[in-house]
Amino acid sequence: MRDIAVVGFAQRQMAEFDGSPTCVELLVPLFAECYEQTGWTRRDVGFWCSGSSDYLAGRSFSFVQAVDAIGVIPPVNESHVEMDLAWAMYEAWIKIQTGEVDTALVYAFGKSSAGVLRRTLALQLEPYTMTPIWPDTVSLAGLQARAGIDAGLWDEQAMAEVANRSLTDAERNDYAVRKGGSSVAELLARPMYADPLRKHDCAPVTDGAAALVLAAGDRAREVTERPAWIRSLAHYVDPMSMGTRDLTRSPSARRAGEASDLGGVEVAELHAPFSHQELILRSELGLGDDVRINPSGGALTSNPMFSAGGIRIGEAARRIWSGEASTALGHATSGPALQQNLVCVMASEGQDA
């Protein structure tokens with residue numbers, strides 16, 4: 001296996017929808033930032049992979065327009081996943097492992113303001129029994145949260161503690177669109193939004209984009225003295241039908257954790273769009289109190305569709321670049337109620353160090 005590291009990361013979240021730029025307008029400055037971080041030009045990138053959704057954009061092959069942000073002359077080695085940025089990164093990681101290329105730039109974008117996100121995401125549900133009744137994502141998350149409360153696995157106070165910590169940590173994140181903690185008591189006094197969820201328990205609807213840069217071996221060392229070497233990468237999926245799984249658990253997250261080397265993890269960026277989902281992930285991944293959870297504020301403070309999972313990996317990598325951590329975990333989820341889960345563990349030293 002080749003040593004591959006995350007060596008670049010850029011992101012944008014739109015706090016307001018009015019005048020929100022096109023995907024190309026979002027991506028061009030992100031690519032410029034990645035070039036500046038790495039010292040590369042477009043010709044140094046061996047492989048490009050994007051993540052987005054035609055359902056979200058409302059038109060077929062919408063990702064093709066985004067290629068304009070790369071530039072089409074000369075032609076590039078390019079691919080696409082109808083998934084979050086984290087899964088585009090997974091494809092690029094495999095591409096580099098084949099030895100065909102040594103570098104990759106992966107990116108993703110989503111304009112949730114193009115429609116009603118809660119209804120759009122119903123299209124990812126089981127098409128015969130679930131999609132026809134259009135249950136929205138917040139309502140499904142409410143059912144999941146209620147199931148956990150009724151089972152005695154967590155309570156509203158535990159959920160409020162997650163939200164308050166996230167909002168407080170987000171005060172130090174320039175990209176967060178929701179920030180500013182208060183107190184657990186004050187959060188619990190706020191009205192219900194989708195019982196037992198309050199608005200702060202749910203990720204904000206956000207337009208945005210992000211990009212990650214991967215490089216192998218010496219190419220990574222040329223970019224930075226402290227690359228975030230990918231130590232393990234795993235992805236598992238739970239059944240699509242909501243009635244065939246225990247919503248208070250996430251077996252796919254547990255399996256991804258078991259397939260990864262979680263030893264010595266100091267920081268974990270968990271993609272939990274709802275406060276109770278962080279509690280599920282911490283349990284399934286076996287993360288103790290000594291692990292710093294979501295120092296960026298996490299998805300509860302900014303959750304741009306199709307890039308939020310990759311942002312968790314980028315934020316974890318940043319902790320390694322800065323020396324704040326030697327080992328960090330980035331997690332991404334997709335689908336309803338934590339159906340799919342990807343775990344990426346990074347370390348300051350490669351396997352051949």
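My notes below cover the helix, then the cavity, then the pocket.

The model is predicted, so I kept local features only at pLDDT of at least 70 and side-chain atom pairs only at pLDDT 80 or more, while totals for chains, interfaces and linings use all residues. Residues are numbered from 1 along each chain as its sequence is written, and side-chain values use heavy atoms, with hydrogens and water left out.

**Helix α4.** I looked up α4, residues 85-97; helices here are DSSP runs (H or I, at least four residues) and strands are E runs of at least two, numbered from the N terminus. Its 13 residues should span 18 Å at 1.5 Å a residue, and the end C-alpha atoms are 18 Å apart, which agrees. The expected span is 1.5 Å times one less than the number of residues.

I then checked burial (buried is under 20% relative accessible area, exposed over 50%, partly exposed in between, with a 1.4 Å probe and protein chains only). Eleven of the 13 residues are buried, so α4 is largely enclosed by the rest of the structure. Among them are W87, W93 and K95.

**Cavity.** I searched the whole structure and found one cavity of 30 Å³ or more. On a 1 Å grid over the protein atoms alone, a cavity is a set of points where a 1.4 Å probe fits but cannot get out; a pocket is an open set with protein on both sides within 12 Å along at least five of seven lines; lining residues have an atom within 4 Å of a point. E278 and N294 are among the residues lining the largest cavity.

The largest pocket has a volume of about 960 Å³, a volume being the space filled by probe spheres set on grid points joined across faces, edges and corners. Of its 42 lining residues, the closest to the centre include L117 and M305. α6 gives the most to this lining, with four residues.
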